[in-house]
Amino acid sequence: MIHNTFFIVIIALLIYFSPHSIYAQQISLSFDTPIQHIKIKPNKVVTTNYRFTNSGDPTTVKFKIIKIKQKDTLGNIEIAQLSKQEILFKINNENIDFNQPIFMRSKESKDISLSIFAPDKLILQDYSYALLAETDPQPTLEGSTNIRIKEGLGAYIFVTVTDKEWIEEKGAISLFAIKTRFTLPFSNMRLFIGNKNDTIPLYLSAENQSDTYLQAAGTIQLTQQKKNKKIPIESYSLPPQMIFAHTQRLLQTSFLCDDLNGKICEEPPSLLVKVKSIGFYNITVTLSFDGNKTFQYAHLNFLIIPFWELIAIFCTIIALCIIFLLLRNTKKS
Amino acid sequence: MKRLFVILTLFLLFTFSVHALEMQSGEYKLEIEDIQAPTPIIQEEIKIENSTLTPDPLSLFEQQGYEIRTLDLYPFTITLKNTTIDFKNIHEEHNQTRDITLQTFHENYGYQLFIKQDTPFQTRQKEEIKATTCSNKFKPCTPQYAQEWTSTDTYGLGYNIQGKGSDNDFRNDTYYRPFSQKEYIPFASYPFSSVVNDLKINLKIQTQQTKQEQSYQGIISIIALPKL
């Protein structure tokens, strides 16, 4: 009995004093204002702030500048080689410099004060960079097999170097089209015909006609025409979307990818219009560029008919006519 | 003697239980002096403007020679659940896969993700596990394009991504890409999401059965940028 008690006590003590479970490191980084556009005259310095927060576990972070460039017309970018740095950057915070590890405690924030200098002989154009905060991987045990992950988070720095006092910010709608089952020429216009419950892809592109970055934002309205009245059916928001100078961009609504499941979003239209009943519909787009009060409009009409039902009725009529003719011929003979 | 053996077994059982669980930051008690950098000295007065509220950017640019517009007022966050992925020794298990979860959140805007192999996956003696070429030797996978990797006689290191916004070539969880050691390769992109998106990154190692007992280590770099 005594032996058993002694045995249980020893086990209890061993469990109590055994080391606690070891947890994996979680990294969570964020930038508060991840997109800034800076217009600067040559030979001028501007200082701006980027608030950086480590919400995860304590870690060391290094700051870097990376160069980016436009990849496609869907708003994707690629990381370019930083061979020659045209714009010069400097971190003003004490104890913080580029490529130097900085210890960040959990839930600690730092306001990174960044000076941006445009040298005198720089070509007057747009320059795209990102301020990158990158973690240092944790040290690992000798003799273990593992892969360590470095996590990086970027905040954009779009710089326009210009000596002009004013840059015209001008954009235009370059494409506004839908893709229905059938398209028929009708007088001077085209008639788009679809079936009930169709999802109609809509494509909307905007063009930046100015010498600097531009953001396009707006709405798409779907209305139904009923006896000279326009009945609003749905309104879709177009969140602000960046367009590089003298390029085009396919604009997208915020609803699209949450409505669809996953990978269709890779090559998406601007919007999938869902129409539940037959009728005559109108789609209007309203766009503004860089928050200007002037808007651009475009609209188109389409017709939704009970397509398969009409085909069935048409086939039935043809079949009845053939049967009728055959019967008549049989009677005659 | 038997009891001693049982006690020793129990001791080993409880003391060596190492778990890779989701991190709980509250459990850390760091006793480190405050090393936060002092408040930065602002050299010039900055006027940050919302793009939708630009009262007179012309005069600002004229007077100061610069103008700053904050185009996005929403924080952009990336969370990695685990920063070290442990594998069993290669000589014990020749085919291993491990998952890591990556979360991104950016209200209003979306995100783009890039990946690169920073250091080769190798031993101290520089014996490297090379990048996989996937199953079909006539259509090998590349850092830009995933292919099916199910054959047991194709060796190397590769990764698969599953989740909203992962690139189309990752058709299912058997499609892998090798890492690029030269440049950052985009592997996921997602526009406008108001919810936290989870992406599962699956790392796969497959080696020949003759590999000797050695430890391999490597570093992979993942970068997240807002989608414009």
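Reply: Gladly; what follows is a set of questions about labels, each answered by setting a value against its cut-off. Please keep in mind that this is a predicted model.

Me: Let us begin with rings. What makes Phe52(A) and Phe63(A) an aromatic pair, and why is the pair called edge-to-face?

Reply: Two rings pair if their centres lie within 6.5 Å, and planes over 60 degrees apart count as edge-to-face. For Phe52(A) and Phe63(A), the centres are 5.4 Å apart and the planes make an angle of 80°. Over all chains, the count of aromatic pairs comes to 15.

Me: How do you know that this pair ties together separate parts of chain A?

Reply: Phe52(A) belongs to strand S3 (residues 44-54) and Phe63(A) to strand S4 (residues 59-70), so the pair joins parts that are 11 residues apart in sequence. Both of these residues are buried. Ring pairs also link Phe52(A) and Phe63(A) with Phe31(A) and Tyr50(A) into a cluster.

Me: Why is the pair of Tyr159(B) and Phe170(B) called tilted?

Reply: Stacked planes are under 30 degrees apart, edge-to-face planes over 60, and the rest count as tilted. The planes of Tyr159(B) and Phe170(B) are 50° apart, with 5.7 Å from centre to centre. Tyr159(B) lies in strand S8 (residues 156-162) of chain B, and Phe170(B) in the loop between S8 and strand S9 (175-176). Both Tyr159(B) and Phe170(B) are buried.

Me: What makes you say that the charged end of Lys204(B) sits over the ring of Trp149(B)?

Reply: The distance part of the rule asks for the charged atom to be within 6 Å of the ring centre. The charged end of Lys204(B) is 4.3 Å from the centre of the Trp149(B) ring.

Me: Now the cysteines. How do you know that Cys134(B) and Cys141(B) form a disulfide?

Reply: The sulfur atoms have to be within 2.5 Å. Those of Cys134(B) and Cys141(B) are 2.0 Å apart, which makes the pair a disulfide. Both cysteines are buried. A search of the whole structure finds one disulfide over all chains.

Me: And why is that disulfide called right-handed?

Reply: The torsion about the S-S bond of Cys134(B) and Cys141(B) is about 90°, so the disulfide is right-handed.

Me: How do you know that Cys315(A) is in no disulfide?

Reply: The nearest cysteine sulfur to that of Cys315(A) belongs to Cys321(A), and it is 12 Å away. With a cut-off of 2.5 Å, the two do not count as a disulfide. Cys315(A) has a relative accessible area of 44%, so it is partly exposed. Cys321(A), at 40%, is partly exposed as well.

Me: Why is Ile129(B) called buried, and Ile318(A) partly exposed?

Reply: Ile129(B) has 5%, so it counts as buried. Ile318(A) has 41%, so it counts as partly exposed. Ile129(B) is found in the loop between strand S6 (110-122) and strand S7 (147-148) of chain B, whereas Ile318(A) lies in helix H3 (residues 307-332) of chain A. Together with Phe314(A), Ile322(A) and Leu326(A), Ile318(A) forms a nonpolar surface patch with about 400 Å² of accessible area.

Me: Last topic: what makes Glu134(A) and Lys64(A) a salt bridge?

Reply: A side-chain nitrogen must be within 4 Å of a carboxyl oxygen. Between Glu134(A) and Lys64(A) the N to O distance is 2.9 Å, so the pair qualifies. Glu134(A) lies in strand S9 (residues 126-135) and Lys64(A) in strand S4 of chain A, 70 residues apart. Glu134(A) is buried, with a relative accessible area of 2%, while Lys64(A) is partly exposed at 25%. Both residues belong to a network of salt bridges that also includes Lys150(A) and Asp118(B).

Me: Why do Glu169(A) and Lys39(A) get that label too?

Reply: Their closest N and O atoms are 3.1 Å apart, which is within 4 Å, so they form a salt bridge. Glu169(A) and Lys39(A) are both buried. Over all chains, the search finds 15 salt bridges.

Technical notes:
Residues are numbered from 1 along each chain as its sequence is written. Chains are lettered from A and ligands numbered from 1 in the order in which they are written. Side-chain values use heavy atoms; hydrogens and water are left out. Rings of Phe, Tyr and Trp (its six-membered ring) pair if their centres lie within 6.5 Å; planes under 30 degrees apart count as stacked, over 60 as edge-to-face and the rest as tilted. Helices (H or I, at least four residues) and strands (E, at least two) are DSSP runs, numbered from the N terminus. Buried means under 20% relative accessible area, exposed over 50%, partly exposed in between (1.4 Å probe, protein chains only). A charge sits over a ring if NZ of Lys or CZ of Arg is within 6 Å of the ring centre and within 35 degrees of the ring normal. Patches are made of residues with over 30% relative accessible area and no salt bridge: like charges are joined within 9 Å, nonpolar side chains (Val, Leu, Ile, Met, Phe, Trp, Tyr) within 5 Å. Accessible areas come from the Shrake-Rupley method with a 1.4 Å probe; for residues, only the protein chains shown count as cover.
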